[in-house]
Amino acid sequence: MSDFWVFGYGSLMWNPGFDHLRSEQALLRGAHRALCVYSWVHRGTQERPGLVFGLDNGGACRGIAYQVSEDIWPQTLEYLRAREQTTMVYKEHWHNIELGNGEKVEALVYMVDHGHPQYAGALPLEEQLGIVNGAVGKSGANPEYVINTAAHLEEMGIPDTGLAWLAQRLREHDET
């Protein structure tokens, strides 16, 4: 029996939505987490896009790896494709990741497609704040998504100063 691995770096960290045998922190080299995808469905609309995370080229990303048993892999993959590939802004890739215990495994990751119209690239934090504030999609408010991801990274001890700044501004806006 051969199990499968999925690497989560955004909402999959705090809301995987699929059964798994175990989860643990993992490191992906060669890509970094960035709010670089205009959300037209889950956290915004085409008329009022939000921003969601994508894995963009370069650097490294700490996230969570989920081990999925072979017997439920087909359903898990179907679920992930329905969730992550709504507009085909991500490309499925298999990458080597390093688990917290040093073990190296191959995991399914969703990399952003630079040629897709939803690719936002590297936006300044102030511009990200303006886009995220007030955007809402079928999965909820965009600020909630950003704040939840920032909080989860903080709980895991993963520093991200830009995201922390953004989450703080969004919380302050929410309190007013």
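Some ground rules. The model is predicted, so local features need pLDDT of at least 70, side-chain atom pairs count only at pLDDT 80 or more, and totals for chains, interfaces and linings use all residues. Residues are numbered from 1 along each chain as its sequence is written, and side-chain values use heavy atoms, with hydrogens and water left out.

Let's start with the rings. How many aromatic pairs does the structure hold? There are 7. Rings of Phe, Tyr and Trp (its six-membered ring) pair if their centres lie within 6.5 Å; planes under 30 degrees apart count as stacked, over 60 as edge-to-face, and the rest as tilted.

Take Phe4 and Trp94. Their ring centres are 6.3 Å apart and their planes meet at 50 degrees, so this pair is tilted. Phe4 sits in strand β1 (residues 4–8) and Trp94 in strand β4 (residues 90–99), so the pair ties together parts 90 residues apart in sequence. Helices (H or I, at least four residues) and strands (E, at least two) are DSSP runs, numbered from the N terminus.

Buried means under 20%, exposed over 50%, and partly exposed in between, with a 1.4 Å probe and protein chains only.

Next pair: Phe53 and Tyr145. This one is tilted, with 5.6 Å centre to centre and 40 degrees between the planes. Phe53 is in strand β3 (residues 50–68), Tyr145 in helix α4 (residues 142–155), 92 residues apart. Phe53 is buried, at 3%. Tyr145 is buried, at 6%.

Now the core. A nonpolar core is a set of buried Ala, Val, Leu, Ile, Met, Phe, Trp, Tyr and Cys residues joined through side-chain atoms within 4.5 Å. The largest one has 53 residues. Phe7, Tyr9, Leu55, Ile97 and Val146 have the most contacts inside it. Strand β3 gives the largest share, 9 residues.

What does Ile97 touch? Leaving aside neighbours within four places in sequence, its contacts (heavy atoms within 4.5 Å) include Phe7, Ala26, Leu28 and Val105.

Last stop: Thr76, in helix α2 (residues 73–84). Thr76 is buried, at 4%. A polar atom of its side chain lies 2.9 Å from the backbone oxygen of Ile72. Beyond four places in sequence, Thr76 touches Phe18 and Val68.

Terms used
A polar contact is a pair of N or O atoms within 3.5 Å; within protein, one must be able to donate a hydrogen and the other to accept it, and residues adjacent in sequence count only if both atoms are side-chain atoms.
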